[in-house]
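Here is my note on the model, point by point. Please read it with the coordinates open.

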Amino acid sequence: MTIQEASERYMIPIKILKEYESWGLCGAVKKVMGAWQYDDTDLEHLSIIMTLHDIGFSTEEVEIYMRLLLEQENSDTARLRILNQKRSATLDEIHFRERQLERLDYLRHELRKKTDGQKE
């Protein structure tokens, strides 16, 4: 299928498809009459790429992960390390946001106490 067909059928942004092509990782992708043709293996790889983007990987991180997956045998340990680092960073961000919410709630609570006290 063409880039346009893959984009429409599987809801993959053209930008992601072009990234995939530019990395040169799409071994099974063939140009037919000037248009890239995607097979089932490419769609599986694109599914992984979409997941990585969805969980917060940058384009560069996605490329590194996919190069490990597709070019290096026994890269499970390296890819697991990358996923663990991303998980840790995500947890750090969640904890930071929780602290922000606690401070926000404290300020809201104090303000409500003050305005409730003025009503009485």
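1. Terms and basis. Helices (H or I, at least four residues) and strands (E, at least two) are DSSP runs, numbered from the N terminus. This is a predicted model, where local features need pLDDT of at least 70, side-chain atom pairs count only at pLDDT 80 or more, and totals for chains, interfaces and linings use all residues. Residues are numbered from 1 along each chain as its sequence is written, and side-chain values use heavy atoms, with hydrogens and water left out.

2. Overall layout. The protein has five helices and two strands. Along the sequence, the pattern reads α-α-β-β-α-α-α. Of the 120 residues, 27% are buried. Buried means under 20% relative accessible area, exposed over 50%, and partly exposed in between (1.4 Å probe, protein chains only).

3. The core. A nonpolar core is a set of buried Ala, Val, Leu, Ile, Met, Phe, Trp, Tyr and Cys residues joined through side-chain atoms within 4.5 Å. The largest one here holds 21 residues. Leu17, Tyr38, Leu46, Ile49, Val62 and Met66 have the most contacts inside it. At least two of its residues come from each of H1 (3-10), H2 (14-22), H3 (40-54), H4 (59-71) and H5 (76-119). H3 gives the largest share, five residues. As background, nonpolar side chains tend to be buried together in soluble globular proteins.

4. H1 against H2. Two packed helices are described by the angle between their axes and the distance between the axes. Here axes are lines fitted to C-alpha atoms, for helices over the stretch in contact, and angles run from 0 to 180 degrees between N-to-C directions. The H1 and H2 axes come within 9 Å and cross at roughly 130°. That makes H1 oblique to H2. The classes are: under 35 degrees roughly parallel, over 145 roughly antiparallel, 65 to 115 roughly perpendicular, and the rest oblique. The H1 and H2 crossing is right-handed; that is, the near helix is turned clockwise from the far one by less than a right angle.

5. Met11 has a positive phi of about 55°, although it is not a glycine. Met11 counts as exposed, at 67% relative accessibility.

6. Helix H2. The buried residues of H2 are Ile16, Leu17, Glu19, Tyr20 and Glu21. Glu21 has 13% relative accessibility, so it counts as buried. The C-alpha atoms of Glu21 and Ile3 are separated by 9.9 Å and lie 18 residues apart along the chain. After H2 comes Gly24, whose phi is positive, near 70°.

7. Helix H3. Ser47 lies in H3. At 42% relative accessibility, Ser47 counts as partly exposed. The C-alpha atoms of Ser47 and Tyr10 are 9.0 Å apart, for positions 37 residues apart along the chain.

8. Aromatic pair. How many aromatic pairs does a search of the whole structure find? One. Rings of Phe, Tyr and Trp (its six-membered ring) pair if their centres lie within 6.5 Å; planes under 30 degrees apart count as stacked, over 60 as edge-to-face and the rest as tilted. The ring centres of Phe57 and Tyr65 are 6.3 Å apart and the planes stand at 80°, so the pair is edge-to-face. Phe57 is buried, at 5% relative accessibility. Tyr65 is buried too, with a relative accessible area of 9%.

9. Charge over the ring. Lys86 lies over the face of Phe57, at 5.2 Å from the ring centre. The test is NZ of Lys or CZ of Arg within 6 Å of the ring centre and within 35 degrees of the ring normal.

10. The H4-H5 loop. Asn74 lies in the loop between H4 and H5. Asn74 is not a glycine, yet its phi is positive, about 55°. At 74% relative accessibility, Asn74 counts as exposed.
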